Amino acid sequence: MLTYILKRLLLSIPLIFGVLTLTFFIIRLAPGDPAAFFIQPGISPNVAEQIRAQYGLNDPLPVQYVKWLANVLQGDFGRSFSRAQQPVFEVIAQALPVTVTIAALTLVANFTFGIVIGIISAVRQNSFLDRFLTVTALFFYSMPEFWFALMMIIVFALKLQWFPASGLNEIGAESFGPFGFLVDRIWHLVLPVTVLSINGAAGIARYVRGSMLEVIRQDYIRTARAKGLPENVVIFRHALRNALLPVITLMGSSLPFIFSGALFIEVIFAFPGMGRVTVEAIFARDYPLIIANTFISGTLIVFGNLLADVLYAVADPRIRL
Amino acid sequence: MMRVEHIQMRYGREIAFSAILAALMLLFSSCGRTPGSGDRGAAARDSTLVIAMLGDADYLNPVIGSSVTSSNISGLIYPGLLQSEFDTTTGLLNFLALEKKFRPSNGGRKPEAALARTWVMSADHKSITYILRNDAFWDDGKPVVSGDFRFTYRLYGNPVIASPRQQYLAELIGADRGSVDFDRAIETPDDTTLIFRFYKPVPEHLALFHTSLTPLPAHLWQNIKPEDFRSSPLNQKPVGAGPYRLQSWGKQQEMVLASNRKSNLPKPGNIPLINWRIVPDYTVRLAQLQTNTVDIVENIKPEDFSALLKANPGVETKSVGLRVYDYVGWSNIDQAAYHKNGQILPHPLFGSSEVRRALTMAIDREAIIDGYLKEYGSVCNTDISPSLKWAYNRSIAPHPYDPAAAASLLEKQGWRPGPDGILQKQGRKFSFVLYTNSGNARRNYASVVIQQNLKALGIDCRLDVQESNVFFENLQNRKLDAWMAGWSIGLEIDPLDVWGSDLKKSTFNFTGYRNPRIDEICELAKEKLVQTDAGPYWLEYQEIIHRDQPVTFLYWIRETLGFSKRISGEQLNISGTFYNIDDWTLTPSSNLAR
């Protein structure tokens with residue numbers, strides 16, 4: 001397996017590199033100009049030109065590419081155009097922890113709720129509860145996240161005022177003490193994590209239900225029941241363990257989805273995470289930051305897929321890598 | 001097998017952990033606000049003003065900061081040579097030094113914040129000498145001296161630094177030959193004397209405007225190379241002398257300003273902390289104002305006012321204006337011919353001013369205002385704002401909404417209905433695409449009304465929305481025949497960029513409008529050494545623009561803000577919302593409840 005992982009890792013290098021090269025050309029050929037903001041009455045027409053010169057955008061495209069390539073090979077992805085010339089990885093280093101926190105909480109919530117709902121649906125197959133949960137899950141699964149987020153804000157932040165509408169902490173949260181600060185932080189995360197996880201949980205619930213139903217029909221479950229084991233033990237010890245195996249692989253592959261979902265959530269809930277950075281970089285035509293973000297998300301997707309494949313082999317010994 | 005079991009065990013633990021976390025979340029959600037944090041939170045809120053902003057500041061450095069947020073905040077951190085104030089009775093900009101006023105002041109602005117004690121304009125209007133006060137200090141204790149200005153003006157003019165304010169140096173000696181001769185243009189015989197020299201006579205108001213750029217502390221910045229200027233760590237920790245200083249800056253999250261206890265320019269800010277929170281989503285900003293999480297939200301849509309005021313009686317709305325207008329741009333020239341060989345021919349649809357006037361009369365501007373802006377909009381005649389009272393031409397009556405008159409004007413120009421009901425002239429249909437930028441609800445609303453109005457006359461107007469960057473680039477390259485956009489005007493009238501006949505020089509003349517008299521008027525008005533003497537030129541200018549209708553001016557917009565009632569002392573006007581924020585006070589929440 002180690003050889004397989006090494007081979008996949010080596011293969012991912014040209015893959016990610018190809019993605020970056022494509023991104024480099026696509027964003028430069030797309031309409032829009034990073035210096036566009038400086039083209040307005042009252043600002044000398046020279047400014048936009050000087051800014052472009054500073055960003056190295058006056059060189060022909062192939063020259064820009066070679067220069068960029070040389071820098072990237074040395075690990076230098078450049079400085080952000082739109083964020084005070086901060087090195088792009090510094091920008092990302094500030095944003096990534098926020099997104100990782102949201103993603104981790106979402107992943108946990110996703111699987112917890114997904115598995116619980118999936119089991120209930122499978123055990124009570126075709127009952128009213130199963131139908132209700134199935135319809136509800138489908139309802140949430142097909143709902144656009146940004147819309148759902150706004151609805152949650154209207155209900156829980158505006159009408160009921162249970163949760164804050166945005167931000168990571170209350171004003172003056174520093175004075176609450178470490179525990180109070182943490183509670184305040186979690187408080188602010190409830191709505192966004194709920195929005196982000198409800199969609200994924202609904203999908204996982206469908207998956208668990210299917211897998212569980214398949215397992216329940218197996219001979220060894222009938223044997224367990226025939227032995228006179230209580231239903232609880234049959235479901236949780238015998239059926240669930242086997243039904244969950246394929247679900248593990250979902251973990252790897254759901255990472256990219258969670259990250260792309262964070263895009264909307266961070267803009268709506270005003271979290272300074274990777275999603276916000278990406279969206280703003282695109283609107284500002286901040287080329288170095290767009291490329292660095294592509295690098296991070298591309299790497300995540302490649303590794304997410306690798307993780308999924310490896311987990312699959314770990315969970316199911318019949319699959320050899 | 002061992003491996004699988006191991007995973008199962010780990011997974012089991014994960015499930016247990018998740019269950020605990022979920023239970024915790026449920027617990028929090030059922031017990032309401034966390035105990036204890038409420039009182040402390042209220043105390044913190046009583047001493048903190050919270051302003052919700054759409055976007056972060058780019059640089060808190062007056063030389064390179066370019067966003068509105070940046071200049072709002074820089075204005076509180078850094079000292080100014082003069083204080084400027086907008087006189088609402090005349091619409092003229094006034095400048096104050098500690099001991100001298102350019103015009104009689106209406107009391108809006110305190111001169112104590114100015115670094116200049118006084119100034120003298122030379123008789124030939126080719127130099128201005130400032131005498132600075134000697135009791136102003138940077139936050140690090142060093143005095144603010146004339147050398148700081150000389151040093152900073154070199155930065156403003158340095159092409160490597162690319163300051164968006166380099167236009168302010170356009171009259172200094174050497175600027176006419178391409179680069180300012182700083183040794184001769186700015187002199188500092190001693191620490192409190194600052195002399196600017198111009199290559200031509202400059203009206204005093206313009207000299208004051210252009211020489212009062214904000215200084216940086218030279219002793220801190222002098223060793224920073226120009227190429228490192230934008231990335232210098234000093235940008236993250238600005239050292240100023242104003243009523244506030246930067247306490248913390250969480251990028252894309254919040255900026256916290258604390259009252260600067262040492263400041264005497266004019267004094268430490270009344271409110272201990274000002275928190276500028278970045279909240280990109282409009283609905284969320286509105287929700288936060290409604291729940292008292294923030295105190296000020298800018299640019300509230302008029303349609304949201306009544307719900308907001310009903311939901312939170314502790315909020316009031318305010319409006320300022322008029323600085324912003326929307327218009328429908330008609331390409332006056334045939335862009336295809338212009339791009340092909342630089343030839344200037346009238347546009348086949350919009351080339352004639354009669355047709356453009358007919359289009360204006362076909363559009364029901366009052367209906368757009370009544371339907372969307374309500375009392376926050378008024379019909380726009382030209383690009384000189386009614387707020388600039390000294391120059392505004394009151395005798396111009398707006399073109400009325402008169403579809404019948406519009407139809408007959410079009411018929412006189414040869415546009416007659418074809419078999420499909422659409423107007424035709426020499427086989428060409430009156431059919432075009434009206435472009436606008438995405439994400440602007442007001443323009444979306446207006447464009448639909450315009451489409452219907454024009455359809456009633458037999459004009460086929462299709463709507464297309466483009467991403468803002470793309471839209472702007474197309475406009476810049478004069479690729480669009482018809483579009484809807486807006487301008488925010490400066491407080492100094494200088495319309496040559498937008499209407500100048502030299503299309504290569506006038507980069508914002510997207511329509512390709514050309515009228516030599518307009519060029520002449522703009523030049524003549526600029527030459528007047530007393531600003532108000534140019535008044536008659538501007539009256540004539542408005543008559544011409546109104547007659548020629550290079551674009552259809554739609555409406556002026558009053559910019560609207562939501563304000564918490566716990567704020568008092570605010571004085572908003574067209575020159576800014578936050579300019580006297582150091583005088584604002586907050587009523588404690590307990591008093592408000594009573």
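Of the 148 residues in the largest nonpolar core of this predicted model, A:I102, A:A262, A:I265, B:I51 and B:A116 touch the most other members. A nonpolar core here is a set of buried Ala, Val, Leu, Ile, Met, Phe, Trp, Tyr and Cys residues joined through C-beta atoms within 7 Å. Buried stands for 20 or more other C-beta atoms within 10 Å of a residue's own, exposed for 12 or fewer, and partly exposed for anything in between, with C-beta atoms placed from the backbone. Helix α9 of chain A (residues 231-268) is the top contributor to this core, giving 17 residues. As for B:A116, once neighbours within four places in sequence are set aside, its contacts are B:L81, B:L82, B:A97, B:L98, B:Y130, B:I131 and B:L132; a contact is a pair of residues whose C-beta atoms, placed from the backbone, lie within 7 Å. There is also a second, separate core of 46 residues, with B:W415, B:L454, B:I459 and B:F553 among its members.

Residues are numbered from 1 along each chain as its sequence is written, and chains are lettered from A and ligands numbered from 1 in the order in which they are written. Because the model is predicted, local features need pLDDT of at least 70 and side-chain atom pairs count only at pLDDT 80 or more, while totals for chains, interfaces and linings use all residues.

Now to where the chains meet. The contact takes 60 residues from chain A and 59 residues from chain B. On the chain B side, α1(B) supplies the largest share, 12 residues, and the residues on that side split into 23 nonpolar, 26 polar and 10 charged. Here Ala, Val, Leu, Ile, Met, Phe, Trp, Tyr, Cys and Pro count as nonpolar, Asp, Glu, Lys and Arg as charged, and the others, Gly among them, as polar.

A:L150, A:I153, A:A157 and A:L158 make the contact from α6(A), with B:T283, B:V284, B:A287 and B:Q290 from α8(B).

As for chain B overall, it has 19 helices and 22 strands, these being DSSP runs (H or I, at least four residues, for helices; E, at least two, for strands) numbered from the N terminus. Of its 594 residues, 41% are buried.

Key
Two residues are in contact if their C-beta atoms, placed from the backbone, lie within 7 Å.
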